[in-house]
Amino acid sequence: MTRGRVRTGSAIALLVLLALAPIRTAMAAKPTVSIDDVEVLEGERKLVKSSMNFTVSLSEKASERVSVRVATANGTASSGSDYDSASSVVRFRRGQIRQTFSVKINGDATAEPDETLFVNLSSPDGLVLGKRRGTGTLLDDDTPAPDISLSVADASVTEGQGERRSLQFVVSARPTPTSAISVNYATTNGTAKAGSDYVATSGKLSFDSGVASRIIEVPVLGDAVKESDETLTLTLSAPTGRGRLGRAAAVGTIVDDDRATPSGTPNPFAFTALAGLEPGSLQSSEPVQILGLEAPASISITGGSYSINGLPYTEAAGSIGNGDIVELRARAANAYGATTSARLTVGTAVAAFILESRPRDTTPEPFAFEPVFSAAAGSTVISAPITVAGIDSGTRISVTGGSYQIDDGAWTTTPGTVSAGKRVRVSVTAGRSGVVVGELRIGSRTARFAATSADGSASPRAFSLGTVQSFPLLLGSSDGVVIAGLAAPARISVRNGLYSLNGGAYTGTPDIVVNGDLLRVGIVAAPVLDERVDAALTIGGLTTRFSVTTSAPEDRASDAIPLPLSNAVPISSTVITPPMPIKGINVPVPISVSAGLSYSLNDGAFTSSPGIVRWGDTLRLRITTGPEYSRSYAGDVTIGSGTTTWQLRSQSSPARPARFTLTAASIYASGLVLPGSVQTTEPITVSNADGPQTVTVTGAQYRINDGPYRSATGTAYDGDRITLRTVMPSTFSTDQVLSLKVGSTSASLTLTTTIDAVANTPTALAGAAESHVIRSDGIVPLRAFVIQPSGWRASDRRAAYIDWSGGGWARGGLPSSRSRYWADQQGMVVIAPDQRVNDRFGTYAYVHADDARRVLKWAQDNAAQLGIDPSRVVVAGSSSGGGNALWAALLEPPATTAISSTPPARPGAIVLRSGVTSTSEDAALGRTQRARFGRFADAISPDQDIDAGIPPFLFFHGDADVVFAETANLNLCTQVRALGRVCDFNNQPGLGHDWANDAGKLGESRDIELEFLTRIDILPAVR
């Protein structure tokens, strides 16, 4: 898809951009202008600068003078420090076809990653924009070549009966060498003896450039003698070049296979516990492979059923063999917040599959009471009933200033419980003057019922609310007005808007006002530029109006159109897309389609002629396929300044099964997995097959439909489902290739094990006084590092700062030194958590929600030892770390977290730097990032559980952020403000992702954050 800039969000995400230049209609005779990509070495010269030369070229010679504006923009490289910003109009004389645009480079001698800048084309005159963004890469030439760590892994082999077998020792070179290196190796005896148990082996092992691993084979001499397992040692020595010894010695184990009595005890195994389940729901465990058995063992279960190798589930005792895969099924407890388990016994080993049902939902749907006027003094005034909804169990109900009644029960003032579907009324006793209020609370929600003897028609002193401007779909609010001049309490109501009294939440429900009340009126701005929305506010006999006009720069680039990628489309058929809403524009823009494609707007007639499209229109596309098999079709639709290509392919010939793709089922695409784990694929369905098809597999087992897994060649038919299963290598950073062939159609999938998490997780952080293990139920403990300010004492009650780094919940995750400022300069206790990310732990992203809440809970539970005030803890994060911070601050536990992880109190503030606050399907988050959450992406989205007690927010975001567009965060901030809570949104036009941490902006963002934390009473740190 080609467009003026990459867009990942909905309409609001880019509405705060600088005004786009009007787009000229591209005429067929106009040349297309494009810019190339450039790479240069950074260099070390500051005074005599090198240049990065971009070529701006035309598709054909110009027949007249034409021009295009060219300007630099920051990527990871920053103008001023890494390069000199530049902007000019490049002009082509008649007959010219290319021009050069130079950018001066500021070299240095600092070792750093390669950096990028962009050169953008805009405002074409007589030209059509083609490739409009050039990427310039500054190649770092200051980083010395790294040392290559040479490590050897342990190996084992079954002894055998004299046939040729060998121990295979894997020697790894990390990072991958860029030049040849070598290392010597030699075996030495342990309990295994050279000559009788194995062949003594020595020599030199060489690694060519680009080779990351080699194998050393040590031949084994088998026999038929019953004996213990025997060991030998292989040792590396004398590396050459940049080679350095890492793990220099490995143990080779020769496993005896002549024992008289095989063992019926398997290796330890476990099942992952599940939480947040619907009471009474039936749940299945992940598949677990049973290893270590030397003979078949007994298997039995209590509290559930089990399946071996995909066979039907059973509760009866049976037998299981080595390498078999078992899955459990059990039912969650019928009670809320209860735990059940199924216990599986294999031989003498026992493992539990623990299920925890979700807690009760005690937060009802919002409810409200209409006020009553002209009530007789001393009379009992009763509200209209409301029906309780949204809770699934008995919830606490109480009242202040009156009494309440459930259904037709007795009136009472005593707190009690209420369930869904009950009707509740409130009563108060009217006074002679003024207003009486009864406030009803159900769970965490409240609503007031007000009554007055006045007739509500009194008019206040006239006031004006005027007109304001607001960005699309954000709440535009009037200035505060103090009500004066009322002779008696008056009725207040609003049409087409909302109002807030005395700083409370915005509402549309009528109420009563008195002199001195502080009033604000709000309207959600329309989505289209310059559209005005009017609200009418009535207080007694006075009606006044308030207007909000949508004001933002013109946005002519629509959001991405969710076009279906269609394969195996029937030949000679007409294909029509489902209706697709047009978003992201705020002015009418032209629409056109390429040859062979037609379109329909708002279910109108299909046409191929250019037209006009507006925000909110629905679009359908139509294309007709020909009679050829396996032919590709493509058509372009251009909306405003953006073009999207729709691609289709007709079905394969019936003699050949349709193409298929292997997709991992137990981890997201390109995700890493734990060594030794069992992995499966999503089932593929055989289609377009004419007759029986031969099935072969390598690197895995397969099953057809619900049959057993096997490796031997088999037969499948059209409509059959095929699933692959494999056991990952027991070594780190190792690929496993799975290949499936059905008839003449084949596909492969490569899975990779994680790096060694133990070796790559630090136990100390520079500058941190303490390191604490918060939980240890994973391969590597979840750690938090504590940075104490100068003069710290355990008796202090200081403000604290918990800061999570970014990395898309998939990589990195190690603490940053960025937050030291808050300890060194502001006296706060800083807590820097490690994160259990996929590239070290093989995890889905959803584990971070539970870990984030655990970190806050740990800090508050240990406040006395840490010297902090648990009510003044700031949770902060960059990018994905912002999601962690928001998860930690939620009242309700997210779907995949344990109740035991819930912090005892809310944090004092939330600070998000380009924070990813939504993982729902309609958020501006890439498919790759969403896939990291598996099936929980929508359920766990942190923005869906915002409540009226959410702590104050501070957002930093840039409207040129192409990683996570600011749409979701703008919407979230509006939601928070509508609840009457604090939300500061600091937008930076033209800046990208996580700009608040850029070197040139760090001081500015810290000053903004310092003012915010002081204003909401988090700082000063020491009281």
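This is a predicted model: local features need pLDDT of at least 70, side-chain atom pairs count only at pLDDT 80 or more; totals for chains, interfaces and linings use all residues.
## Salt bridges across the chain

Side chains of opposite charge can pair when their charged atoms come close. In this model, the count comes to 29 salt bridges.

Start with Asp37 and Lys131, whose closest N and O atoms are 3.0 Å apart in their salt bridge. Asp37 sits in the loop between β1 (32–35) and β2 (38–41), and Lys131 in the loop between β8 (128–129) and β9 (133–139), so this pair ties together parts that are 94 residues apart in sequence. Asp37 is partly exposed, at 45% relative accessibility, and Lys131 is partly exposed too, at 36%.

Arg491 makes a salt bridge with Glu370, with 3.7 Å between the closest N and O atoms. Here the link joins distant parts of the chain, 121 residues apart: Arg491 belongs to strand β39 (residues 490–495), and Glu370 to the loop between β27 (349–357) and β28 (380–382). Arg491 has a relative accessibility of 31%, which means that it counts as partly exposed; Glu370, at 44%, is partly exposed as well.

In the salt bridge of Arg448 with Asp511, the closest N and O atoms are 2.9 Å apart. Arg448 is in strand β35 (residues 445–452) and Asp511 in strand β41 (residues 511–513), distant parts of the chain that lie 63 residues apart. Elsewhere, a network of salt bridges links Asp147, Arg242 and Arg244.

## Two residues and their neighbours

Thr723 is part of strand β60 (residues 721–727). With a relative accessibility of 7%, Thr723 counts as buried. Leaving out residues up to four places away in sequence, Thr723 touches Thr681, Pro683, Gln701, Tyr702, Arg703 and Tyr709. For Gln701, the separation from Thr723 is 22 residues in sequence and 8.4 Å in space, C-alpha to C-alpha.

Leu1010 belongs to helix α8 (residues 1002–1015) and is partly exposed, at 24% relative accessibility. Beyond its neighbours within four places in sequence, Leu1010 contacts Tyr821, Trp822, Gln826 and Leu1019. Gln826 is 184 residues from Leu1010 in sequence, yet their C-alpha atoms are 8.9 Å apart in space.

Technical notes:
Residues are numbered from 1 along each chain as its sequence is written. Side-chain values use heavy atoms; hydrogens and water are left out. Helices (H or I, at least four residues) and strands (E, at least two) are DSSP runs, numbered from the N terminus. Buried means under 20% relative accessible area, exposed over 50%, partly exposed in between (1.4 Å probe, protein chains only). Contact means heavy atoms within 4.5 Å. A salt bridge is a side-chain nitrogen of Lys or Arg within 4 Å of a carboxyl oxygen of Asp or Glu.
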